[in-house]
Amino acid sequence: MEGDCLSCMKYLMFVFNFFIFLGGACLLAIGIWVLVDPTGFREIVAANPLLITGAYVLLAMGGLLFLLGFLGCCGAVRENKCLLLFFFLLILIIFLAELSAAILAFIFRENLTREFFTKELTKHYQGYNDTDIFSATWNSVMITFGCCGVNGPEDFRFASVFRLLTLDSEEVPEACCRREPQTRDGVLLSREECLLGRDLFLNKQGCYTVILNTFETYVYLAGALAIGVLAIELFAMIFAMCLFRGIQ
């Protein structure tokens, strides 16, 4: 009976570690996508040290989970106590690190609000100054997503630096202008009419809403994946310890 229980535990351990292996592969894929994505998200990440650090942490955690899943499978199949103990300690460290990251993300969630981005845009945006990474990033985002400002073109009425640099001669930056096609190399429908704030020639929707709608599915998917990975890691630790105690 004990042997059957141990055998069952071994196979459960193998299955859970296989899912950890797959979870690590998914985190690796997401981290790589964030860093190399050509649609403009990469530039948003690159402009924020906190986000770029998060992307590299995601890569590191994914790679570590990928390796640990493989080691856990080997430890379960070979019934190696040393390997199982090593696996348990490492996955416990990862579990606590991921839990801490989730708590920190919840605590600092106010840094991703509409009000925060609006305040930063109106305070720091410089228009066509591509040497300023903040302005260059916003220009890229607005062109890529076909949007204007955080809430809409009206944001630039309060962008003090932009108004000063343009001497109040432009209602919106060129990045807000509609293009055909809507890419950096697209042809402006009418630059002059757009800069004067004519609705027909500029993108009127705010970037916050556009980006939120674009990535909403991915955010929920990433959240569900993170919860799933944490649950799998917890069960894997339990199975590893039970298997460790059962091996003679």
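Helix 5 and helix 6 cross with a left-handed sense, meaning that the near helix is turned anticlockwise from the far one by less than a right angle. The model is a predicted one, in which local features need pLDDT of at least 70 and side-chain atom pairs count only at pLDDT 80 or more, while totals for chains, interfaces and linings use all residues. Residues are numbered from 1 along each chain as its sequence is written, and side-chain values use heavy atoms, with hydrogens and water left out.

The axes of helix 5 (residues 114-124) and helix 6 lie 10 Å apart at an angle of about 120 degrees; helices here are DSSP runs (H or I, at least four residues) numbered from the N terminus. Glu 120, Leu 121 and His 124 of helix 5 make the contact with Phe 134, Ser 135 and Trp 138 of helix 6, contact being heavy atoms within 4.5 Å.

Helix 6 itself has 13 residues and reaches 18 Å from its first C-alpha to its last, close to the 18 Å expected at 1.5 Å a residue (1.5 Å times one less than the number of residues). Among the buried residues of helix 6 are Trp 138, Met 142 and Phe 145, where buried means under 20% relative accessible area with a 1.4 Å probe, protein chains only.

Trp 138, Met 142 and Phe 145 are also among the residues touching the most other members of the largest nonpolar core, which has 24 residues. Such a core is a set of buried Ala, Val, Leu, Ile, Met, Phe, Trp, Tyr and Cys residues joined through side-chain atoms within 4.5 Å. Helix 6 gives this core its largest share, five residues.

How values were computed:
Buried < 20%, exposed > 50% of the residue type's maximum accessible area, 1.4 Å probe, protein only. Helix = DSSP H or I, 4+ residues; strand = E, 2+ residues; numbered from the N terminus. Axes fitted to C-alpha atoms, helices over the stretch in contact; angles between N-to-C directions.
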